[in-house]
Amino acid sequence: MSSETEHGYLVLADISGYTSFLAKVELDHAHEILTDLLEVIVRQFKTMLTISKLEGDAVFANVNEARLPRPEALLELVENTYIEFCRRRDSSQRRTTCQCRACQSMPSLELKFLVHHGDYIVQHISGIRELVGSDVNLIHRLTKNHICETTGWKSYLLCTQAALKCIDLQMEGFHQQAESYEHLGEVTTFSFDMQARYKELMETRHMILPSEDADMNLTYEFDKPVSYVWQFITDPKILTQTMREDGYWSVIKRPGGRYGPGAQNHCSHGRGVMAYTYLDWRPFQYFTAEAVEGKMKHLEMFMVEPAENEGRTKFTVRLKLVAPFPRWIRRILASYLAKPQFLEFFEKSKILMESSDGKG
């Protein structure tokens with residue numbers, strides 16, 4: 001038997017409405033539906049988290065804080081998981097020709113998330129991995145809360161005050177509520193409606209820069225998974241480290257307290273200041289941004305996707321100069337001015353990833 005104490009995030013995804021769903025429907029089809037939806041959650045979670053346990057209609061997972069250089073990515077993971085859950089639930093319901101109560105009642109299933117930060121012990125007993133500790137008890141007790149009664153939300157993300165403090169976001173639109181539990185005392189929680197967030201994300205327009213329209217296309221492979229590379233290319237603190245003494249990235253604007261369309265960073269360097277505004281934001285897939293430096297303006301699209309070799313990431317950068325020049329001139333300028341900087345960025349990022357404590 002061995003054990004060790006860790007500090008990090010505890011995440012629980014719970015399929016809400018399943019108990020009443022199960023009581024009214026055929027067991028065999030209900031089991032198939034549950035298995036399918038749990039597989040969606042597990043597949044998403046495994047990109048960043050360690051699955052601790054499947055608990056009936058819930059998935060319990062954790063991640064050491066050292067493996068989250070950009071903690072906001074955890075909220076993006078939750079949102080992506082909810083999107084994939086809704087897509088699978090809705091597409092399965094549309095495709096089925098079965099008229100049983102289970103298949104016809106799929107739309108009633110929803111998903112709620114709980115996120116907490118604290119200490120826990122990882123125990124290994126006879127090949128079984130188990131998380132124990134007061135904070136582990138707390139996140140499970142939080143499944144019995146009063147969010148639905150107070151807000152009417154069927155699906156939500158609940159963060160404890162400890163989690164939100166470590167994620168370090170001043171988010172807007174959270175519902176604050178205190179929950180009280182025997183032996184654990186009062187816990188301050190912050191929640192928001194996942195259905196409303198889903199609608200907002202689905203209505204956000206896509207802005208793609210096609211490769212044939214770009215003046216420069218570069219591809220690089222990192223020996224890290226997609227979720228880890230995404231954090232490195234989107235965190236101003238990490239971007240500053242890749243520049244070393246050559247510049248500094250700072251946060252200027254975060255609509256609603258989050259990354260997304262309209263968010264803005266500034267990059268200060270020896271030649272001046274570059275304003276960097278995000279136009280499209282799809283976590284763990286791509287972002288598109290506009291960069292303005294003096295009279296120069298260009299569009300950038302950064303994409304991440306799994307490489308052929310498992311555990312590696314294919315990273316693609318597309319750039320288009322916004323200038324009244326023929327395309328052949330823009331391509332020459334992009335190759336001369338931008339390409340060397342991006343190649344240097346790739347190499348510095350690789351070195352920083354290899355020296356990082358987080359192991360992806």
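Reader: What is the strand order in the open sheet?
Author: This is a predicted model. Its open sheet has seven strands, in the order β9-β15-β14-β13-β12-β11-β10. The pairing is antiparallel.

Reader: Which strands stand at the edges?
Author: β9 (216–222) and β10 (247–253). Each has a single partner strand, so one side of each lacks a neighbour in the sheet.

Reader: And how are neighbouring strands turned against each other?
Author: By 25° on average, ignoring direction.

Reader: Back to β9. How many bridges does it form with β15?
Author: Seven, in the antiparallel sense. Strand β15 covers residues 313–321.

Reader: Which strands does α10 touch?
Author: α10 packs on the sheet and touches β10 and β11 (264–269). The direction of α10 makes about 160° with that of β10.

Reader: New topic, helix packing. Where do α10 and α11 sit in the chain, and at what angle do they cross?
Author: α10 is residues 236–243 and α11 is residues 327–355. Their axes cross at roughly 110° and come within 9 Å. That makes α10 roughly perpendicular to α11, since angles of 65 to 115 degrees count as such.

Reader: Which residues meet there?
Author: From α10, Ile238, Leu239, Gln241, Thr242 and Met243. From α11, Phe345, Lys348, Ser349 and Leu352.

Definitions and conventions
Residues are numbered from 1 along each chain as its sequence is written. This is a predicted model: local features need pLDDT of at least 70, side-chain atom pairs count only at pLDDT 80 or more; totals for chains, interfaces and linings use all residues. Side-chain values use heavy atoms; hydrogens and water are left out. Axes are lines fitted to C-alpha atoms, for helices over the stretch in contact, and angles run from 0 to 180 degrees between N-to-C directions. Helices (H or I, at least four residues) and strands (E, at least two) are DSSP runs, numbered from the N terminus. Angles under 35 degrees count as roughly parallel, over 145 as roughly antiparallel, 65 to 115 as roughly perpendicular and the rest as oblique. Contact means heavy atoms within 4.5 Å. Two strands pair if DSSP finds at least two bridges between them.
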